[in-house]
Amino acid sequence: MNESAFSGPADEAGRVSMPLHRLAHARAGDKGDRLNLSLFAYDPRHYPLLLEQITEPRVLALFAHRGASRVRRYPMPGLAGMNLVIDDVLQGGVNGALNLDGHGKTLSFLLLELTVALPRDGH
Amino acid sequence: MSFLLGSGAGFSGDRTDAASPVVAELIRRGQPAALIFETLGERTLAAAHRAMREDPQAGFEPLLEELLEPVLADCQRHGIAILGNFGAANVAGACRLVHDLAARQGCGGLRIGRVHGDDVRCRLESLDLEPWEAETRALPAGEALISANVYLGAAPLVQALDRGAEVVVTGRVADPALFLAPLVRHHGWAWDDWDRLAAGMMAGHLGECGAQVSGGYFADPGYKEVAELATLGYPIIEVEADGRLVVTKPAGTGGCIDARTVKEQLLYEVHDPGHYLTPDVVVDLSDVVINELGPDRVEVQGIRGKPAPARLKTTVCYDGGWQGEAEISYAGPNALARARLAVAVLQERLRFRAPAELRTRLDIIGHTSVFDDDSGQLRRQCQPTDPAGDYRVRLACEHAERRWVERAAQELLALYCAGPAGGGGVRRHFQRRVHTASFLVRRDDVTAYASLYGDAEHE
C-alpha cells in the first residue's frame, strides 16, 4: 500500500479522502433476510480509523434504499476488523428476492465504495 | 497426532475435480482423516424440495455421482471417511446412489450411514415453534408447506461412524457439524467440552465453504492477488486433540491461505462473533488470534465455547408461486437512453396488462442492477458512466400463477418489434419458487439417529 500515491485535496484537519476499498477488504454472507459484512484493515494501523468512520448510522444510510432496518457493528480488534450485521436488506433473501443477487454477495463491494478520511501521514 | 479434515466441495455446484488433490494429500500424509462434502444451503435445500416435488426420485445433490466418482474407492481403501449433506431432501435416494456407485467401482460392502431426524414436516404443527431472531414471516398455512428441516448437530453423525459407516449421508445438519463429527469420534471429546467442541465447529466453519478459505472468493486484482485460481487447492484443516487447529492445503495446488483469507472466512455468515450459534455449542470468537506459521499454513487460536443452545434452527420451505425473468440488450450509440425507454414502456404496459399483485423489478444491467432495490432508486439517481455502452434490460417478476409471469415476460419479448430501436438477444426463464422461513424448535423435541443403509431397512 503506497499512500503517497493518494491524491486529492486535504480537508480542514489535513486529511485526504479515499475509497475504503484501498484500505480494507470485505466479504458478505447471508442468512434469511439478514446480511453480514466483515471488514478488515489491510494495515492494522488503519483499524482505529475504520472504527471511527465506519459507523452503524453510516452503514444504515448506505443501505437505506434497500429497506435496511437496523445495523449492528461488532468490533474485532484482534483481527483489525469488524462484523456488520444488517437486517431486512435482502428484499426477501435468497429464496424471496427478485434481485439477480438474492444472496447479497456483491454488497461487500458497495460497502467498499464508502470513502474514508485519512491523515496525510497515512495513519 | 492431528486429525485431518479435507474439504471436497463447499456448495452445490462446486468444482467436481477439487476433491482428488485433497484425497491424494490425505493419503500421502497417512494420518487419520475424513473428507467432507458440504453441498446444502438455504437456496439448495429449497431447490431440492422443488426438484422432489416434480420427481420423487430426485431431491438429493444433483452432482453427487460426479463428486464421489473420482475419490470413493481411494477413500475406502485408505480408511478416509466421507461425510456429506448431499442427501438434501432425499437422503435415502442419495444412499442408493452411493451404494450403486460403490458396487460399480468394486467397493462392494461399502458401509453407508444414513442420518435421520432432520425432517419434521409431519409433526411441525405439534412442535413448540419460535421465530428465528431475524425472521419476520409467519408460519405458512397447511397446503403451502413443503418441508421443515432441523439443523441437526454432530451426534447422529458420530453414531453413524461408531457403527462403522465409511460414507455418512445426511440431509439438513449444521454445515460445520459434518467436520465436528469425525473429530469427536477420533479425539473422544465429551459433549460438554465446550472449548474443544467450539474449536471443532470452527474448523468446520473454516472448511465448509471449500476454497473460500484458500484463495477462492477472494481475488481483487491489484489489491488481493491470488495465483492459479483455475487450480485452487481446497482446504485441509489439521486439528489436535486439544483443539489447536491449522488451515492448510495440498502442496502444488493453486490459491493461497494467509491471515486475510482466514479472517474473511472466519466471520462468513456469522452475526454476533461473541455468540455464534451452532447446534452443539455456542462459539465465542471474541479473543481469536490468527498466526501465519508459514506459506499456506495459518493457525487459529483462542476459540472459546459456551453451552449448546436450548433450541435448534429449523428451515421451513413453502410454495412461493412462480418467478419469471426476461432480458433484452441495447448497445452502441445512445444505448442507455434506449434501455431506459424500454424500462418505461414495460412499466406502462404492465400497469394495464398484468394484475396489481404481480411483483416486478426492472434493472439495466451494465448501469445498475445488483446494488439497487426493487423500485430502482439507484437506476434513477446514478449518473451513467457511458451513455453508449452495452446494456441489458432485465425484468423479474413473481406471482402465484404461472400465466401472469409468462404474460409479463411476453411483454418484454414484444419489445423486439414494438419497443425502442436495436433491442436484441431476448431470453426468458420461468421457475417455481420455494420460499423459506426460519424457526426455532426445542432440542428435546428432535430425535436424531443413524442407521446403516441396507442393514435393518430396505429402502
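**Notes on the predicted model**

1. In chain B, the buried residues of α10(B) pack against β15 (311-331), β16 (359-365), β17 (390-399), α12 (402-413) and α13 (415-418) of that chain. Please keep in mind throughout that this is a predicted model.

2. Which residues make up the buried side of α10(B)? They are Ala335(B), Ala339(B), Ala342(B), Leu346(B) and Leu350(B). Viewed down the axis of α10(B), these buried residues fall within an arc of 60°, and they therefore line one face of the helix. On the face turned away from that buried side, α10(B) carries the exposed residues Ala344(B), Glu348(B), Arg351(B) and Phe352(B).

3. Helix α10 of chain B comprises residues 335-353, 19 residues in total, and it reaches 26 Å from its first C-alpha to its last, which is close to the 27 Å expected at 1.5 Å a residue.

4. On the domain level, chain B is divided into domain 1 (3-117 + 152-309) and domain 2 (318-437), and the centres of these two domains of chain B, taken over C-alpha atoms, are separated by 39 Å.

5. Chain B also has an open sheet of 3 strands in the order β10-β11-β14, with antiparallel pairing. Strands β10 (276-277) and β14 (304-306) of chain B stand at the edges, each with a single partner strand, so one side of each is left without a neighbour in the sheet. Between β10(B) and β11 (residues 282-284) of chain B there are 2 bridges in the antiparallel sense, and Leu277(B) stands opposite Val282(B) in β11(B). Helix α8 (residues 194-207) of chain B lies across β11 and β14 of chain B, running at about 115° to β14(B).

6. Turning to chain A, is strand β3 (residues 34-41) buried or exposed? In β3 of chain A, 8 of the 8 residues are buried, so the strand is largely enclosed by the rest of the structure. Arg34(A), Asn36(A), Ser38(A) and Phe40(A) point one way from β3(A), while Leu35(A), Leu37(A), Leu39(A) and Ala41(A) point the other way. In a regular strand the side chains alternate between the two faces of the sheet.

7. As for its partners, β3(A) pairs with β2 (residues 24-31) of chain A in the antiparallel sense over 8 bridges, Lys31(A) having Arg34(A) as its bridge partner. The hairpin of β2(A) and β3(A) has 2 residues between the strands, and Gly32(A) takes a positive phi near 60° there. Strand β5 (residues 81-87) of chain A is joined to β3(A) by 7 bridges, also antiparallel, with Leu84(A) in β5(A) as the bridge partner of Leu37(A).

Methods. Residues are numbered from 1 along each chain as its sequence is written. Chains are lettered from A and ligands numbered from 1 in the order in which they are written. This is a predicted model: local features need pLDDT of at least 70, side-chain atom pairs count only at pLDDT 80 or more; totals for chains, interfaces and linings use all residues. Two strands pair if DSSP finds at least two bridges between them. Helices (H or I, at least four residues) and strands (E, at least two) are DSSP runs, numbered from the N terminus. Two residues are in contact if their C-beta atoms, placed from the backbone, lie within 7 Å. Axes are lines fitted to C-alpha atoms, for helices over the stretch in contact, and angles run from 0 to 180 degrees between N-to-C directions. Domain bounds come from an automatic or database domain assignment. The expected span of a helix is 1.5 Å times one less than its number of residues. A residue is buried if 20 or more other C-beta atoms lie within 10 Å of its own, exposed if 12 or fewer, and partly exposed in between; C-beta atoms are placed from the backbone. The arc is that of the directions from the helix axis to the C-beta atoms.
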